[in-house]
Amino acid sequence: MKKKHVYLILAVIGFVGPYYFLISFLAAHGVDGKAFVQQLFGTKISSMFAVDLLVSSVVFLCYLRQEATRYSIEYRWVYVVALLTVGLSFALPLFLYVRESHLEAKAVAARSSF
């Protein structure tokens, strides 16, 4: 299996997984921002995961900017929206899938020009 297909599968899992828990939370509490933040930072362990995810998301934004510029990948805003609406578990593998597809296309173009 190609690396880009693994990234695509991970993007689907990264979309479905978080939304399962979000929908479960919304079914139980409705749109309650206070309850969301209380549960997110309710324990030291959950706080650790939340802060880790926030820092990782900032790192991803830096990586996204660098790699999208390096490889002339357009529509970088799509990955920012994916990050903000779903999460890093979706945005990162989605970007890696597109990046890998872009690199494959460049390799094919380079081979055919010889």
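## Aromatic pairs

How many aromatic pairs does the rule count? In this predicted model, the count comes to 7 aromatic pairs. One of them joins phenylalanine 15 and phenylalanine 90, with ring centres 5.3 Å apart. Their planes stand at 65 degrees, and the pair is edge-to-face because that angle is over 60 degrees. Phenylalanine 15 belongs to helix 1 and phenylalanine 90 to helix 5, so this pair ties together parts 75 residues apart in sequence. With a relative accessible area of 36%, phenylalanine 15 is partly exposed, whereas phenylalanine 90, at 17%, counts as buried.

Tyrosine 63 and phenylalanine 95 are also an edge-to-face pair, with 6.1 Å from centre to centre and 85 degrees between the planes. This pair links tyrosine 63 in helix 3 to phenylalanine 95 in helix 5, 32 residues apart. Tyrosine 63 is partly exposed at 27% relative accessibility; phenylalanine 95 is buried at 0%.

## Nonpolar core

The largest nonpolar core has 17 residues, and those touching the most other members are Phe60, Leu64, Ile73, Tyr79, Phe90, Leu94 and Phe95. Two or more residues each come from helix 1 (3–29), helix 3 (44–70), helix 4 (76–85) and helix 5 (88–112). Helix 5 gives the most, with 6 residues.

## Surroundings of phenylalanine 60

Which residues are in contact with phenylalanine 60, leaving aside its neighbours within four places in sequence? They are Tyr79, Leu83, Leu88, Ala91, Leu92 and Phe95.

Terms used:
Residues numbered from 1 in each chain as written. Predicted model: local features only at pLDDT ≥ 70, side-chain atom pairs only at ≥ 80, totals over all residues. Heavy atoms only, no water. Core = buried A, V, L, I, M, F, W, Y, C linked by side-chain atoms within 4.5 Å. Buried < 20%, exposed > 50% of the residue type's maximum accessible area, 1.4 Å probe, protein only. Helix = DSSP H or I, 4+ residues; strand = E, 2+ residues; numbered from the N terminus. Contact = heavy atoms within 4.5 Å. Phe/Tyr/Trp six-rings, centres within 6.5 Å; stacked < 30°, edge-to-face > 60°.
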